[in-house]
Structure formats: structure tokens, C-alpha cells
Amino acid sequence: MSKINFWKKYLTAIGVTLLAMVITAYNNSARSQSPSVNLSDTSNPTSPQVSPTENSANSQSLAQQAVQVIHDYYNAIARQEYKQAYLAWDGDGSASKQSFEQFKQGFANTVSVAEKVGKPSPIEGAAGSLYIEIPVNITAVTTNGTVQRYHGSYQLRRVNNVPGSTPQQRRWHIYSANISLEQSSNQ
């Protein structure tokens, strides 16, 4: 049973990697002046200073920033900058429920990844934080040429603009993931 769990985790990691590579390709074409983003940079001047009750334009901006975190996450994975990708997870990577070495090893046999981000859910607030769910479809290719498809979603979290919160806390982080391997009828 533990081998099955290992392979499920391994295949999930591959799917996530593939998603990152697709997002990376899209981001590189859309942001040619800013090809690399440092997810651990806490001095981001564009960190929004809004409350969850402000207008829909701010909600759209917050949603776009959350989607960008997913793009940046896969961009980092595509560049094999696993530490940067790991730090996209809440708690400096601890929300991934893996050590950094386990996280990195999960992408060892990934050659390429392609992802498609769906429409984010409405932003919800709870206990001083904002949450958003972002659906994804991922296609990954392994070193042996196997194509794997995944689907699911990421939940992202950020702290509201409450007194005492830091710029790092007011940035979106991946809070959890629910990504599953699609079963293929031709395999």
C-alpha cells in the first residue's frame, strides 16, 4: 500500500510540475521584461492594501494576483528553481506537507509540464484571512515519455490588511492542493 501512496504523490508532483512549465511559457511571453519573480521577496510594492469589502475592481485585482502566484510557481518549477517554488507554499513551504528535499525529488523525472488555469472562485474571508480557489488542468511528460494528465485546484490564502500584518503575510500563498491523476482509457 505504501508503494501506491508513493506513486500517487509522485504523479501528483509531476502534474504540478507540468502545470508550472505551461504557466511559465505563458508568463515569459506575457512578461518579457520580468522573466524571473522572487517569491520570497517581501518588499513587493504592489502588495494590495485593500479589505475584502472593497469594490469588485479590487477583488479582480486580488484574484489576478492569486492566479499569478500559480503561474510563478510553475515558472519556478520549469526553471528547476525548486526552492522558489517551495516558498510559494504557505508557512515557507510547510503547507506542501513535504520537506524541501521531498518536494524537489517529486520533480526529478519531469521533462515538461503544461497547465491551464480555470476561473478562480470568488474570494472569501475568514478569521483575518482571504481565500481563493483556482482550478487547474495539467499535462506532464516524464523522462520516459509518459504523458500524464491531472486536474484539480489550489486554494490560496493571504492575510487581510490588518494592523501589524507584514507585506509577506499580505501576499497570496498556496494553502492547499487537491490535484488528481486522470485515468486514461488507452493505458
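Are Y73 and W89 buried or exposed? I will start there. Y73 is buried, and W89 is buried as well. Keep in mind that this is a predicted model.

Some background on the chain. It has four helices and five strands, and along the sequence they run α-α-α-α-β-β-β-β-β. Of its 187 residues, 42% are buried. Take the contacts between residues at least 6 apart in sequence: 68% of them join residues at least 24 apart. The accessible surface is about 10100 Å², and carbon and sulfur atoms account for 51% of that.

Now the rings. The structure contains eleven aromatic pairs. One of them is Y73 with Y74: the ring centres are 5.0 Å apart and the planes stand at 80 degrees, so this pair counts as edge-to-face. Y73 and Y74 are both buried.

Y73 also pairs with W89, again edge-to-face, with 6.3 Å from centre to centre and 80 degrees between the planes. This pair links distant parts of the chain, 16 residues apart. Y73 sits in helix α2, residues 56-78, while W89 is in the loop between α3 (82-86) and α4 (100-105).

Which residues do the ring pairs link into a cluster? They are Y73, Y74, Y82, Y86, W89, F100, F103, F107 and Y154.

One last item concerns F100, a member of that cluster. K83 lies over the face of the F100 ring, 4.7 Å from the ring centre.

To go back to the opening question: Y73 and W89 are both buried, and they belong to the cluster linked by ring pairs.

Conventions:
Residues are numbered from 1 along each chain as its sequence is written. This is a predicted model: local features need pLDDT of at least 70, side-chain atom pairs count only at pLDDT 80 or more; totals for chains, interfaces and linings use all residues. Side-chain values use heavy atoms; hydrogens and water are left out. Helices (H or I, at least four residues) and strands (E, at least two) are DSSP runs, numbered from the N terminus. Buried means under 20% relative accessible area, exposed over 50%, partly exposed in between (1.4 Å probe, protein chains only). Contact means heavy atoms within 4.5 Å. Accessible areas come from the Shrake-Rupley method with a 1.4 Å probe; for residues, only the protein chains shown count as cover. Rings of Phe, Tyr and Trp (its six-membered ring) pair if their centres lie within 6.5 Å; planes under 30 degrees apart count as stacked, over 60 as edge-to-face and the rest as tilted. A charge sits over a ring if NZ of Lys or CZ of Arg is within 6 Å of the ring centre and within 35 degrees of the ring normal.
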